[in-house]
Amino acid sequence: TDLQIQKAIVAYPKLFRLDLEIKLKPVAQWLLDIGMDKSQVAKMIAKFPQLCSYSRELKLKPLVHWLSELGLDKSHITKVFSNQPQLFGYSLKGNFKPKLQFLGERALQKLTSRAFSQL
């Protein structure tokens, strides 16, 4: 909608500097290709217009691939990112992986602690 476009431009004026054929259309098409519908893509760009500046090959695809390797299916991935598109802005190596490792270690510690307390 016009209001979504206005919000995106106000939130990220650099949107005007992005090449339509090189950045905007390919990112939008990729989002459609991974299972989002047009309204989800429009809402995502309105909420987080910086998304259009990210490299599909270096940032977007690796994150989605990693999440699918963890066992999330495309419907879960698209649901999470359509609701919180700013998650695409987080670093895979600097944010997602260390947090998952930390949480996994804590869960393992809890399980180990419970097992030993029952001995």
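This is a predicted model: local features need pLDDT of at least 70, side-chain atom pairs count only at pLDDT 80 or more; totals for chains, interfaces and linings use all residues.
The secondary structure of the chain consists of 6 helices and 0 strands. Read from the N terminus, the order of elements is α-α-α-α-α-α. The C-alpha trace spans about 65 × 25 × 25 Å along its principal axes. The radius of gyration of the chain is 18 Å, whereas a compact globule of 119 residues would have a value near 14 Å. Of the 119 residues, 29% count as buried. Contacts were also sorted by separation in sequence. Among those between residues at least 6 apart, 70% join residues at least 24 apart. The chain exposes about 8,100 Å². Carbon and sulfur atoms supply 60% of that area.

The count of salt bridges comes to 3. One of them joins E21 and K25, with the closest N and O atoms 2.9 Å apart. Both residues belong to helix α2, which covers residues 20–33. E21 and K25 are 4 residues apart, or about one turn of the helix. E21 has a relative accessible area of 52% and is exposed.

Another salt bridge links the side chains of K61 and E57, at 2.7 Å from N to O. Here the setting is helix α4, residues 56–69. K61 and E57 also lie 4 residues apart in this helix, about one turn. The relative accessibility of K61 is 32%, and K61 counts as partly exposed.

A salt bridge is also formed by R106 and E105. Its closest N and O atoms are 3.9 Å apart. The cut-off is 4 Å, so a pair at 3.9 Å still counts as a salt bridge. R106 is partly exposed, at 34% relative accessible area. E105 is partly exposed too, at 35%.

The surface also carries a nonpolar patch, formed by L70, L72 and L100. Together these residues have about 230 Å² of accessible area. L72 sits in the loop between α4 and α5 (74–83). The relative accessible area of L72 is 33%, and L72 is partly exposed. Patch members need over 30% relative accessible area, so a leucine at 33% passes that cut-off.

Technical notes:
Residues are numbered from 1 along each chain as its sequence is written. Side-chain values use heavy atoms; hydrogens and water are left out. Helices (H or I, at least four residues) and strands (E, at least two) are DSSP runs, numbered from the N terminus. Buried means under 20% relative accessible area, exposed over 50%, partly exposed in between (1.4 Å probe, protein chains only). Patches are made of residues with over 30% relative accessible area and no salt bridge: like charges are joined within 9 Å, nonpolar side chains (Val, Leu, Ile, Met, Phe, Trp, Tyr) within 5 Å. Accessible areas come from the Shrake-Rupley method with a 1.4 Å probe; for residues, only the protein chains shown count as cover. The radius of gyration is taken over C-alpha atoms; the globule rule is 2.2 Å times the number of residues to the power 0.38. Contact means heavy atoms within 4.5 Å.
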